[in-house]
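Have the structure open as you read.

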Amino acid sequence: MTDTVRDFDPDAVVLPAGHYVGGVARCLDHRSIEVTRPSDGRTYGAVPEAGEAGVDAAVADAVRAARESGWARRAPRERARVMRRWADLIDTDRRLTEIECVGSTRPVGQAQVQDIPFTAEAIRFFAEYADKAGGELMATRADSLGFVAAEPFGVIGAITPWNFPLSMASWKCGPALAAGNAMVMKPSELTPFSTVRMAELAVEAGIPAGIFNVVQGSGATTGAALVRHPDIGKVSFTGSSATGRRIMAEAGAAGVKPVTLELGGKSPQLVFAEVPDFEHVAQCVVRGFTANGGQACISGTRLIVHEHLAQPLVERIVELVSALEPGPTWSAATRYCPIIGATQADKIETLVAQARADGAEVVTGGEFFAGGPGGCFYRPTVLTRVSDDMAVVEQEVFGPVLTVQTFRDEAEGIALADHPHYGLAAGVHTRDVGQAMRAMRGIQAGTVWINRYGRSRDLAIPTGGFKGSGIGKDLGRQAFEACQRYKSVLMDFEA
Ligand code: NAD
């Protein structure tokens with residue numbers, strides 16, 4: 001999308017209907033769920049919830065489309081061509097951007113420059129795998145031929161969170177569709193609409209109706225029914241670690257099916273005494289814990305800093321965050337976004353209050369911005385005098401809250417950085433390459449960034465956590481391969 005970023009009228013956004021199944025808006029009603037805009041707290045729409053029967057109807061449609069449309073049997077380059085057309089539509093659909101921003105935490109400026117192009121690019125990236133990963137010929141005796149054939153699962157069930165609705169959706173449907181699967185996706189009930197628009201664009205681009213379906217509803221009803229469904233061959237989930245554990249149990253109880261789990265994090269930013277560029281480190285730390293209001297799985301919310309640098313670094317962080325002014329997501333000027341809703345805001349407030357009561361010092365923040373437009377905007381918050389046993393250090397806050405811990409020597413720093421339960425990502429800042437490598441090896445995390453913090457546009461780099469942060473990868477070749485199953489074939493013949 002190359003348009004200049006501009007404000008939009010939140011009341012003029014035309015929302016799509018709730019469920020999108022078989023290429024049409026479908027009524028699979030169970031009950032209705034109201035949807036609220038985080039920027040001003042107003043209800044702006046509602047979605048019908050699919051119950052067990054509704055999910056069953058959607059999956060049946062996907063099974064039928066997978067069988068009758070020939071999507072999996074199409075020449076892989078043809079699948080790729082259609083998917084590239086889909087990516088082009090995503091890139092240029094102004095309505096999609098507005099639907100994404102109106103009810104989420106994503107400011108239009110950031111969505112237009114980051115989320116939308118990133119979503120489109122993820123679709124293109126996976127489309128390119130369609131005809132480049134077909135299977136493998138194996139070494140066998142001279143009188144037999146052995147090979148491994150890659151096949152789609154059939155129908156993949158995907159469940160996504162609210163924090164980056166379209167990007168998260170593209171990381172699921174990109175590899176699934178490129179590999180020849182059909183899909184039933186359940187977006188978060190807090191941000192249900194943009195995924196439907198994305199699915200409408202898929203059909204407009206030429207992806208057969210019924211290959212990409214969207215059902216709406218709560219996790220406990222719709223999500224759980226999707227995970228349990230016997231015709232869902234694989235489950236791909238992004239969300240909290242608590243839900244991930246439930247999904248794994250549900251999938252196991254329903255039979256045996258693979259699950260990819262992209263879960264929560266409590267990622268450290270480990271700053272050693274000698275860094276290449278002090279100002280760069282301060283900027284990384286601030287971006288790392290305030291981007292999307294701290295509502296990012298990879299948020300770098302634990303600053304582990306050498307005692308010599310701690311004071312100047314905290315001072316600079318406080319200066320930088322004091323410049324962040326909140327605004328509604330539909331304003332082009334907004335750089336600092338709201339908290340998604342009251343439940344999340346309560347969780348942040350409770351954890352900070354508990355930290356205070358346990359002896360933490362609030363260096364800055366620790367409260368909501370006053371006089372906002374009705375949404376809840378939480379001030380970037382820095383807490384010192386914290387310890388590992390405090391809930392604010394142990395648990396994912398999912399808000400703009402940074403805890404600061406200091407260390408004296410390398411081993412102590414690495415030990416503090418390595419969280420006992422989470423292992424999604426880590427940042428390491430040092431001038432010393434050997435020290436960077438020792439830290440990289442010592443921290444059990446699925447991603448380690450050295451002298452930077454955050455993902456790049458390099459979609460070939462997979463993302464996914466260790467320990468309580470998940471199983472499997474999104475993005476990269478690994479995500480495409482995980483959307484296929486592998487059949488071993490051995491044929492004897494007269495040599
Ligand atoms: P969540 O776990 O509450 O919900 C995620 C999705 O799961 C929603 O669609 C929800 O309706 C559904 N769900 C809830 N209970 C379910 C159940 N029992 N069965 C099936 N589905 C169920 O998470 P959230 O609040 O939407 O998102 C924030 C979380 O997601 C954070 O923990 C964040 O770290 C994580 N996240 C991880 C990544 C990653 O790549 N690792 C990316 C983004 C977000």
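On the side of domain 1 that touches domain 2, the elements giving two or more residues are helix H3 (94-102), helix H4 (108-127), strand S21 (470-471) and helix H15 (476-481). Helices (H or I, at least four residues) and strands (E, at least two) are DSSP runs, numbered from the N terminus. H4 gives the largest share of this side, 8 residues.

## How the model was read

This is a predicted model: local features need pLDDT of at least 70, side-chain atom pairs count only at pLDDT 80 or more, and totals for chains, interfaces and linings use all residues. Residues are numbered from 1 along each chain as its sequence is written, and side-chain values use heavy atoms, with hydrogens and water left out.

## The two domains

Domain 1 covers 10-263 + 470-488, and domain 2 covers 268-467; these bounds come from an automatic or database domain assignment. Their centres, taken over C-alpha atoms, are 30 Å apart.

## Around the ligand

What surrounds the ligand? There are 28 residues, each with a heavy atom within 4 Å of the ligand; the closest are Glu189, Ser240, Thr243, Leu263 and Glu396.

A polar side-chain atom of Glu189 is 2.7 Å from an oxygen atom of the ligand, and one of Glu396 is 2.6 Å from an oxygen atom of the ligand. Leu263 instead places a backbone N or O atom 2.8 Å from a nitrogen atom of the ligand.

Note on methods:
A polar contact is a pair of N or O atoms within 3.5 Å; within protein, one must be able to donate a hydrogen and the other to accept it, and residues adjacent in sequence count only if both atoms are side-chain atoms.
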